Amino acid sequence: MSTPILEIINLSAGVEGKPILKGVNLTIQAGEVHAVMGPNGSGKSTLASVLAGREGYEVTGGQVHYRGQDLLEMAPEERAREGLFLAFQYPVEIPGVNSTYFLKAALNEVRKHHGQPELDAMEFLSLVKEKMKLLELRDDLLKRSVNEGFSGGEKKRNEIFQMAILEPKLAVLDETDSGLDIDALKVVSEGVNKLKNPTNAQLVITHYQRLLNYIVPDFVHVLCDGRIVRTGGKDLALDLEEKGYDWILKQVAVAA
Amino acid sequence: MSDDAHSIETLVKTEYKYGFVTEIESESAPPGLNEDVIRMISRKKEEPDWMLEWRLKAYRHWLTLTEPTWPQVKHPPVDYQAISYYSAPKQKGEGPKSLAEVDPKLLETYEKLGIPLREQERLAGVAVDAVFDSVSVGTTFKDQLAEKGILFCSMSEAVREHPALVKKYIGSVVPYTDNFFAALNSAVFSDGSFCYIPRGVRCPMELSTYFRINASNTGQFERTLIVAEEGSYVSYLEGCTAPMRDENQLHAAVVELVALDHAEIKYSTVQNWYPGDEEGRGGIYNFVTKRGLCKGRKSKISWTQVETGSAITWKYPSCILLGEGSTGEFYSVAVVNNRQQADTGTKMVHIGRNTRSTIVSKGISAGQGQNSYRGLVEIRKGAANARNFSQCDSMLIGARCGAHTFPYIEVKNTSSSVEHEATTSKIGEDQIFYCNQRGIQTQDAVNMIVNGFCKEVFKELPMEFAVEAQKLLGVSLEGSVG
């Protein structure tokens, strides 16, 4: 088997001395879509933050290999340039910074990192048009400042659009469904599905099963109290939807 | 996270790239101030008697004043007797008749600063008057401007060559009785720029002055006067730098603008005086009085300033809106890092009917810098239907800096409207992380966020200046966030 895109081995991490992840194991191969589900406070968003390298999260044990490299040794911007993309649960507003300018700067950082020539404004705009068409989006968001005054749905769409431009190897979608109505959910999910290919992978973090009706995972993992307590196929998500997280928690308690 | 010693304070280290000293012989007055020194300055400049008399009156008035204590800044007292009030690059024989006769070392200095005077002469664009220490060293494009009847020369030359104009307007907007520093400036001003745009003339190029303090223990007291006659237009740029020195240097300038009927003056400043080191040693005390008089109907004066330098800035470019329907604007970006302190803002005094003013102030504080916006909007009784809009935004970088806002509003009639908006934001770890996560490193992210914050002001600057201002902001905030 080829080198996995992501290999998390016995990862422990916390915030301000409080342990949150308590030994997570997870391997993602190219071409796969994994979903991590779990109740509130189980550590889902912490996992996303640790993978992206957000400040304030201390790794206390374990390893993370990203495409054969030691992910935890890499600065956040290096991780990004190496193709790790986090679609934020709460995308941040940057007033006065034009979205197109921002995205062009981001793409050119990635290209520079890989020794590719930077795109000029014209080349970038034609790429933007192509991706807009692919995702069936309107370009009005790009004329505005980054996320400024965007609705919840617009922010999430913008994240997916950034993902389309940056073409990551591993996209981590952190609660992308939160705050979306059903129409927006469809648009965003269809975008994510179109961006899937045999060389990349997606890690979808969600509380609810409904997103998984649109982004169909190959594997579903249930995260409880900082550990993955169950792994299964897409049907596991349906069971969870029907029976709730308590059902699994009880089973885990019995097994212990 | 791994070895992310990203503490906001750790990387506060700004290189000041204009800190070099030019080895040039200069002729300085001994430190100290008295009537003899003032007579000496006036004599050196071959001034008419009325000018000397005015200086002496200003000096005598200054003696009765005390330094203002209301600004939100702290510094040891200035010893006005320890300063030399006149310094000039030494000339061999007569003064330079043209740039060809200017000391090549001086020209080299200006080239280092990115204002090659001779280059500028060839490339159409900006006419420059450069003031080195106390005297003006050369004005480019003078002949081309003269064809249109525009006068653009050093203040000393104006006093000699155009005494009637100078006499009519000097002190008409900022009288020597105005304040402590204006009185001092009036007594000892050494040079500066003078600009006169005749009726109906649109100045075909940006006019520019470049100020540089070189000699040590020297104060710089330039005085600028711009008069725009009926229906004329001029855009004026001002830039400033100084060498790095351990002691503080005083810069107390006065700028007066007069706009007659339908005239428009746009005055842009990029101030990058040496700010002192990380510990707050050295740096320029920038105590400046700038004021424009919208004397004529529908006249307009617009101030745009980007203040990144100086240890202390005390400056309130203001507009007196006397003419009916006149407009005043103030767009400001003030940055403080390390131990810098700024108390800056504007005054908009509405006297005429239907006058309008706009204030957009962006304060950025980093390191242990303290940034205050102080602004007055005064609408007098006769200023029917006057309108003002003020927006004051502050951005904090790190936890040890401060931002303060002191808005004063006085409205004396019922038909006017005043709007004031203010925000304070902290440059978020969240914003920086968001940029990092898209591959943009922290320093670039800070520049991007700060430039976004200042966008409304930068768009008011002439193109080349806007680019320079953005770069300068980057340099000023270098290392302010880890």
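Contact, as the term is used in this report, means heavy atoms within 4.5 Å.

## Basis of the model

This is a predicted model, in which local features need pLDDT of at least 70 and side-chain atom pairs count only at pLDDT 80 or more, whereas totals for chains, interfaces and linings use all residues. Residues are numbered from 1 along each chain as its sequence is written, chains are lettered from A and ligands numbered from 1 in the order in which they are written, and side-chain values use heavy atoms, with hydrogens and water left out.

## Chain B overall

Chain B holds eleven helices and 23 strands; these are DSSP runs, numbered from the N terminus, with helices being H or I of at least four residues and strands E of at least two. Of the 482 residues in chain B, 63% are buried (buried is under 20% relative accessible area, exposed over 50%, and partly exposed in between, with a 1.4 Å probe and protein chains only). Among the contacts in chain B between residues at least 6 apart in sequence, 84% join residues at least 24 apart.

## Helix pairs in chain B

Helix H1 (residues 35–44) and helix H2 (residues 49–63) of chain B have axes that come within 10 Å and cross at roughly 150°. Axes are lines fitted to C-alpha atoms, for helices over the stretch in contact, and angles run from 0 to 180 degrees between N-to-C directions. H1(B) and H2(B) are therefore roughly antiparallel (angles under 35 degrees count as roughly parallel, over 145 as roughly antiparallel, 65 to 115 as roughly perpendicular and the rest as oblique). Glu35(B), Ile38(B), Arg39(B), Ile41(B) and Ser42(B) of H1(B) meet Leu52(B), Arg55(B), Leu56(B), Tyr59(B) and Arg60(B) of H2(B). By class, this contact has five nonpolar, one polar and four charged residues; Ala, Val, Leu, Ile, Met, Phe, Trp, Tyr, Cys and Pro count as nonpolar, Asp, Glu, Lys and Arg as charged, and the others, Gly among them, as polar.

For helix H9 (residues 429–437) and helix H10 (residues 442–458) of chain B, the axes come within 9 Å and cross at roughly 120°. That angle makes H9(B) oblique to H10(B). On the H9(B) side, Gln431(B), Ile432(B), Cys435(B) and Asn436(B) meet Thr442(B), Ala445(B), Val446(B) and Ile449(B) of H10(B). The residues of this contact divide into five nonpolar, three polar and no charged.

## Two sites around strand S9 of chain B

Gly231(B) lies in the loop between strand S8 (223–228) and strand S9 (233–241) of chain B, and counts as partly exposed at 38% relative accessibility. Leaving aside neighbours within four places in sequence, Gly231(B) is in contact with Gly200(B), Val201(B), Asp261(B), His262(B) and Ala263(B).

Glu238(B) is found in strand S9 of chain B and counts as buried at 4% relative accessibility. Its C-alpha atom is separated by 17 Å from that of Pro204(B), 34 residues apart along the chain.

Helix H5 (residues 152–166) of chain A has 15 residues and reaches 21 Å from first C-alpha to last, close to the 21 Å expected at 1.5 Å a residue; the expected span is 1.5 Å times one less than the number of residues. H5(A) is mostly covered, with 14 of its 15 residues buried.

Most residues other than glycine have a negative phi. Just after H5(A), Glu167(A) takes a positive phi of about 45°. Glu167(A) is exposed, with a relative accessible area of 56%. Asn10(A), in strand S1 (residues 6–15) of chain A, has a positive phi of about 50° and counts as partly exposed at 45% relative accessibility.
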